[in-house]
Amino acid sequence: MALGAQSKFTETTIEVDGLCGMCEERIENAAYLPGVKKADWDRETHQLALAFRNDKITQEEIVASINEAGHDVKDHLATDEQYANIHGCCRYRDADLRASHGLGDPLCKPGETHEEHHAHGGKHKH
Ligand SMILES: [Cu+2]
């Protein structure tokens, strides 16, 4: 057992928005970058359990890849263009679809654009 080997591993959990099994596959595929050893998304809790080699990849890169796939990560929302690419039945920001899956509030609040979300107290669209 090599000394210091453990410190190369980061284990963490991040919140990723999504609805169904298709979302799960999409999120996990996006998170499985070289250096990632575990990416396991829970459909009920929306928690993505990650284990990755922090000398090979950063959490920011993983988050960016999940955003690229169209999914919102807590504090890192996908852009509208990225979100637009995901399948119609996976529109996890849609209030009706969320309700039909028994989900509460989305990470991205209705009527709030990506830019506004990051503006913190910026103007809201009506
Ligand atoms: Cu889905």
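Helices (H or I, at least four residues) and strands (E, at least two) are DSSP runs, numbered from the N terminus. This is a predicted model, in which local features need pLDDT of at least 70, side-chain atom pairs count only at pLDDT 80 or more, and totals for chains, interfaces and linings use all residues. Residues are numbered from 1 along each chain as its sequence is written.

- Three strands form an open sheet in the order β1-β3-β2, and their pairing is antiparallel. Two strands pair if DSSP finds at least two bridges between them.
- β1 (9–15) and β2 are the edge strands; each has a single partner, so one side of each is left without a neighbour in the sheet.
- From one strand to the next, the twist averages 10°. Angles run from 0 to 180 degrees between N-to-C directions, with axes as lines fitted to C-alpha atoms, for helices over the stretch in contact.
- Seven bridges join β1 and β3 in the antiparallel sense.
- T12 stands opposite L50 in β3.

**Helix α1**

- α1 covers residues 21–31, and its buried residues are C23, R26, I27, A30 and A31. A residue is buried if 20 or more other C-beta atoms lie within 10 Å of its own, exposed if 12 or fewer, and partly exposed in between; C-beta atoms are placed from the backbone.
- Seen down the axis of α1, the buried residues fall within an arc of 125°, so they line one face of the helix. The arc is that of the directions from the helix axis to the C-beta atoms.
- The face turned away from the buried side of α1 carries the exposed residues G21 and E25.
- The cover over the buried residues of α1 includes β2 (36–41), β3 (47–53) and α2 (59–68). Here, two residues are in contact if their C-beta atoms, placed from the backbone, lie within 7 Å.
- α1 lies across β2 and β3, and runs at about 160° to β2.

**Two loop residues with positive phi**

- H46 is not glycine, yet its phi is positive, near 65°. H46 sits in the loop between β2 and β3. H46 is buried, because 22 other C-beta atoms lie within 10 Å.
- D75 is not glycine either, and its phi is positive, near 70°. D75 sits in the loop between α2 and α3 (80–84). D75 counts as exposed, because it has 11 C-beta neighbours inside 10 Å.
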